[in-house]
Amino acid sequence: MNNGRYSLTATSITRRIQALGIAAGVLFCASAQAQESPARAYILQYHHISNDTPRSTSTTPELFRQHMQFIADNGYQVLPLAEIIRTLQEGGSLPEKTVALTFDDGYKSIYETAYPLLKERGYPFTIFLNPDALDNHRSTHITWEQAREMGKHGGVVANHGVGHIHMVEVKTNEDASAWRARITQNIEQAEKRIEEETGASLKLLAYPYGEYDASLQKLVSSLGYVGLGQHSGPIGSDSDWTSLPRFPASNAYSSVPQLKEKLSTLPLPAQMLSPQNILIADNNPPQLRFSTELNAKVTCYGSGQGLLDSAVDNNEVTVVGAAPFKGRRFRYNCTAPAGGGLFYWRSFPWINPAVPED
């Protein structure tokens, strides 16, 4: 399930930054200086490519075609996700305009609608799927045979766990050791089935619902996986490899102008100081504190709340929402101008496990 509906769009953030000028945000210097662009890449996240599925997790076939045409017309290079991650981890360089295409859950519209266009263009892509959906022959999902066919034309399969569970949740009377064993089995079982059916083990895990916490990140790292969420932003060599962001590309958040702005961002360099976990309990709204040496003004927005109160002290930013958030998942999106038509972007996701899935 895509939680993109909890995020602000790139368009709204850009317009507000332009309108607010130097009067709003956190000011680190008198004027923002354009900095040399570091190696970066943009991971786009799709679910359904269909006119007949839920809007929040769907991209119409026509809009998907427009996305691919925009990418082609504007000099973006679509590279395999695993190759992009490996290059950034090793400190290598990428083309200035590098994009990865990902699809969550393995819905049949990927094969029926997206795949023919991707095959025609020669674009590689990654499908994060739940093997049990294929093993149980769900009519809404692709088959293993289709997955193998797409694999011959750049479509690789990666891990989305078994059963699409909330991995961060601990069962009643389950201690930390039992939780780790259960989630380890879930992840490894999915990876084993994928390798059995496709012959490949990429060790890339897209968290179901985009939900992760500090304990899950530690576990994923110990198992040798790279973890991907559903919060937005570009990735770079300094990204956290247990919580890589992806830009949602569903109908509501990715018109072509919105896509253009998403693909004009740089990773906002920030070290999260507190809290140490993105799970919230009584601390709603959460108070975020991070440090950055960025030579620009930083402005943050909250899901459904707009501009957030923020303060700076010795290059440490403190941000807090205006009121408690009602959703299970929400975000603080922080941005800053970078010059040259670019802007920095970092999304800080939050999870309130007390709110059931809608």
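A: We can begin with a single residue. This is a predicted model, and Ser-264 lies in the loop between helix 9 (256-262) and strand 12 (265-267).

Q: Is Ser-264 buried or exposed?
A: A residue counts as buried under 20% relative accessible area. Ser-264 has a relative accessible area of 15%, so it is buried.

Q: Which residues does Ser-264 touch, leaving out those up to four places away in sequence?
A: With those set aside, Ser-264 touches Tyr-42, Gly-341, Leu-342 and Phe-343.

Q: What does the protein chain as a whole look like in numbers?
A: Its secondary structure comes to nine helices and 20 strands. Of its 358 residues, 55% count as buried. The chain exposes about 15,000 Å², and carbon and sulfur atoms supply 47% of that area. Among contacts with a separation of 6 or more, 68% are between residues 24 or more positions apart.

Q: How many residues does the largest nonpolar core have, and which have the most contacts inside it?
A: It has 38 residues, and Leu-216 and Phe-290 are the ones with the most contacts inside it. Elements that each supply at least two residues of this core include helix 7 (176-198), helix 8 (214-222), strand 14 (287-291) and strand 19 (329-339). There is also a second, separate core of 36 residues, with Ile-49, Phe-64, Leu-263 and Trp-345 among them.

Q: Why does the length of helix 2 (residues 61-73) agree with what it should span?
A: The expected span is 1.5 Å times one less than the number of residues. Helix 2 has 13 residues and should therefore span 18 Å, and its end C-alpha atoms are 18 Å apart.

Q: Which residues of helix 2 are buried, and what follows the helix?
A: The buried residues of helix 2 are Pro-61, Leu-63, Phe-64, His-67, Met-68, Phe-70 and Ile-71. Phe-64 also belongs to the second core. Helix 2 is followed by Gly-75, which has a positive phi near 75 degrees.

Q: How should I read the two faces of a strand?
A: In a regular strand, side chains alternate between the two faces of the sheet. In strand 6 (residues 125-129), Phe-125, Ile-127 and Leu-129 are on one side, while Thr-126 and Phe-128 are on the other. Both faces are covered, as these residues are all buried.

Q: Which strands pair with strand 6, and in what sense?
A: Strand 5 (residues 98-105) runs parallel to strand 6 and is joined to it by four bridges. Asp-105 has Leu-129 of strand 6 as its bridge partner. Strand 7 (residues 155-159) is also parallel to strand 6, with five bridges between them. Here Phe-128 has Ala-158 of strand 7 as its bridge partner.

Q: What unit do strand 5, helix 4 (residues 108-121) and strand 6 make?
A: Together they make a right-handed β-α-β unit.

Q: What would an antiparallel case be?
A: Strand 15 (residues 299-302) pairs with strand 19 in the antiparallel sense over four bridges, and the partner of Cys-300 in strand 19 is Cys-334. Strand 15 also pairs with strand 16 (residues 306-307) in the antiparallel sense, over two bridges. In that pairing Gly-302 stands opposite Gly-306. The hairpin of strand 15 and strand 16 has three residues between the strands, and Gly-304 takes a positive phi near 75 degrees.

Q: Which residues of strand 15 point each way?
A: Thr-299 and Tyr-301 point one way, Cys-300 and Gly-302 the other, and all are buried.

Methods: Residues numbered from 1 in each chain as written. Predicted model: local features only at pLDDT ≥ 70, side-chain atom pairs only at ≥ 80, totals over all residues. Heavy atoms only, no water. Core = buried A, V, L, I, M, F, W, Y, C linked by side-chain atoms within 4.5 Å. Buried < 20%, exposed > 50% of the residue type's maximum accessible area, 1.4 Å probe, protein only. Pairing = 2+ DSSP bridges. Right-handed = clockwise from strand over helix to strand, strands pointing away. Contact = heavy atoms within 4.5 Å. Areas by Shrake-Rupley, 256 points an atom, 1.4 Å probe, with all protein chains shown as cover.
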